[in-house]
Amino acid sequence: MRKIWLLLLVTYLALVPLAKRPSNVSPELYCEICLVILEEALSVLKHRKAEMDVFDALDNICDVDRLYKYGYSIMDARDACQAFVANWEEVLEKNLMNRTNSDQLAKTVCIEITRVCLRDNSTDTNADRVKKFKEKYMNDDKKRNSTSGDL
């Protein structure tokens, strides 16, 4: 009986990040919004990491003026963005304040912690962007190793 409870607990904990996605938001859009939030926050923050700077950057991150350029319905993107920030605000703040490598931030947040970009995004209308993201961040070690001999 104890093993069953342990198995259920482990299964639940493994699925919790995926359960934070609202049912009306596609997995592809939720992944994309994670990337957009980080891209927009980093463009505002640049090198700054102070708590107030991060709070200010995230405060208006879901404004339609920021989201329209990414090609999704404004309402869908705004809803997904607001849901993502509501569910992952502490993770976003902590990782933006403590970042040492902005290039790794998307991998850390969107893949390792929230796991929102681990699903197959082949049906995504912006599949090329997600594919480029995955190639950049999931194969980063391979790229670094292949280019280190060129220096």
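Where does Arg-99 lie? In the loop between α5 and α6 (102–113). Helices here are DSSP runs of H or I of at least four residues, strands are E runs of at least two, and both are numbered from the N terminus. Arg-99 counts as buried because its relative accessibility is 5%. Buried means under 20% relative accessible area, exposed means over 50%, and partly exposed is in between, with a 1.4 Å probe and protein chains only. The accessible areas come from the Shrake-Rupley method with that 1.4 Å probe, and for residues only the protein chains shown count as cover.

A word on the model. It is predicted, so local features need pLDDT of at least 70 and side-chain atom pairs count only at pLDDT 80 or more, while totals for chains, interfaces and linings use all residues. Residues are numbered from 1 along each chain as its sequence is written, and side-chain values use heavy atoms, with hydrogens and water left out.

The overall fold next. The protein chain has eight helices and zero strands. Along the sequence the pattern reads α-α-α-α-α-α-α-α. Of the 151 residues in the chain, 37% are buried.

On to the salt bridges. Side chains of opposite charge can pair when their charged atoms come close. The criterion is a side-chain nitrogen of Lys or Arg within 4 Å of a carboxyl oxygen of Asp or Glu. How many turn up in the whole structure? Four.

Start with Glu-40. Its side chain meets that of Arg-66 in a salt bridge, 2.9 Å from N to O. Arg-66 sits in helix α4 and Glu-40 in helix α2 (residues 27–45), so this pair ties together parts that are 26 residues apart in sequence. Glu-40 also forms a salt bridge with Lys-69, where the closest N and O atoms are 3.1 Å apart. That pair links distant parts of the chain too: Glu-40 is in helix α2, Lys-69 is in the loop between α4 and α5, and they are 29 residues apart. Together, Glu-40, Arg-66 and Lys-69 are linked in a network of salt bridges.

Is Glu-40 buried or exposed? Buried, because its relative accessibility is 5%. Lys-69 is exposed, because its relative accessible area is 51%.

Another pair is Arg-48 with Asp-53, closest N and O atoms 3.6 Å apart. Arg-48 is partly exposed at 33% relative accessibility. Asp-53 is partly exposed as well, at 25%.

Now helix α3. Which of its residues are buried? Val-54, Ala-57 and Leu-58. Seen down the axis of α3, they fall within an arc of 90°, so they line one face of the helix. That arc is taken from the directions from the helix axis to the C-beta atoms. On the other side of α3, Met-52, Asp-56 and Asp-59 are exposed.

Asp-56 and Asp-59 belong to a negative surface patch, together with Asp-63, Asp-65, Glu-89 and Glu-90. Patch residues have over 30% relative accessible area and no salt bridge; like charges are joined within 9 Å, nonpolar side chains (Val, Leu, Ile, Met, Phe, Trp, Tyr) within 5 Å. Lys and Arg count as positive, Asp and Glu as negative, and His and the chain ends are not counted. A charge is placed at NZ of Lys, CZ of Arg, CG of Asp or CD of Glu.

Which helices each supply at least two residues of the patch? α3 (51–59) and α5 (74–97). Asp-65 is found in helix α4 (residues 64–67). Asp-65 counts as exposed, because its relative accessibility is 61%.
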